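Let's take a friendly walk through a protein fold. Keep the picture open while you read.

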Amino acid sequence: MEDILGRFVAESCRTLQSLTGQRVVFEAIAAAAVTSLREGGKILTCGNGGSAADALHLAEELLGRYRGNRRPLAAVSLNGDPTLLTCIGNDYGFDQVFARQVEGLADRRDLLVVFTSSGNSANIVLALEAARRKGCKSVAFLGKDGGAAKGKADLELIVAGTETGRIQEAHTLLLHALLETIERDLKLS
């Protein structure tokens, strides 16, 4: 009988260990988030499926709290309102569900943070392109080889590997590390 748990733990450990080689890009991402919040901007997040959960998770921890009681930090998950998603999807197509919101909400002080394990979601690529047009900085947490989203964000961190589950686990670790850094650098905890 296959030891699924043992295999998953070993794969996860290898994937997470590979992130230590991306310290410089992670620090640049954290600095961009801190700068945005310090300058009165907001963090906009989005993703699809499991990556939508990561986008919601980051936004709720910023507005709510991560470690301790502190002031709320401005954040909006672009995949959080089903009425808005279905309105835009129905009227403009699902590819536009995030780009349309970026066009309406983002400004130069903001930071768009996208999560995608494949990098091939058209709505993520179009959101990154909309951010660039608006002068809004962007971060992409990608997986596999980065897909079509590779090179579209101002900063990107690619979790190498082929297993979507391991990539999503790494994205969760990265968003927690990002929250920890934001709270430390803004001296909030």
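## Ground rules

Two strands count as paired if DSSP finds at least two bridges between them. Helices (H or I, at least four residues) and strands (E, at least two) are DSSP runs, numbered from the N terminus.

You're looking at a predicted model, where local features need pLDDT of at least 70, side-chain atom pairs count only at pLDDT 80 or more, and totals for chains, interfaces and linings use all residues. Residues are numbered from 1 along each chain as its sequence is written, and side-chain values use heavy atoms, leaving out hydrogens and water.

## The sheet

Picture 5 strands in an open sheet, ordered β2-β1-β3-β4-β5, with parallel pairing. At the edges sit β2 (75-77) and β5, each pairing on one side only. From one strand to the next, the twist averages 15 degrees (axes are lines fitted to C-alpha atoms, for helices over the stretch in contact, and angles run from 0 to 180 degrees between N-to-C directions).

How many residues of β3 (residues 111-115) are buried? It's 5 of 5, where buried means under 20% relative accessible area with a 1.4 Å probe, protein chains only. L111, V113 and F115 point one way, while L112 and V114 point the other.

On one side, β3 runs parallel to β1 (residues 43-46), joined by 4 bridges, and T45 has V113 as its bridge partner. β3 also runs parallel to β4 (residues 137-143), with 5 bridges, and here F115 stands opposite F141. Carry on to β5 and you'll find L157 as the bridge partner of F141.

In soluble globular proteins, nonpolar side chains tend to be buried together. A nonpolar core here is a set of buried Ala, Val, Leu, Ile, Met, Phe, Trp, Tyr and Cys residues joined through side-chain atoms within 4.5 Å. The largest one has 32 residues, and L62, L157 and I182 touch the most other members. Helix α2 gives the largest share, 8 residues.

Leaving aside neighbours within four places in sequence, I182 is in contact (heavy atoms within 4.5 Å) with A33, V34, L37, L62 and L73. There's also a second, separate core of 24 residues, including C46, F98, A131 and A149.

Note on methods: Buried < 20%, exposed > 50% of the residue type's maximum accessible area, 1.4 Å probe, protein only.
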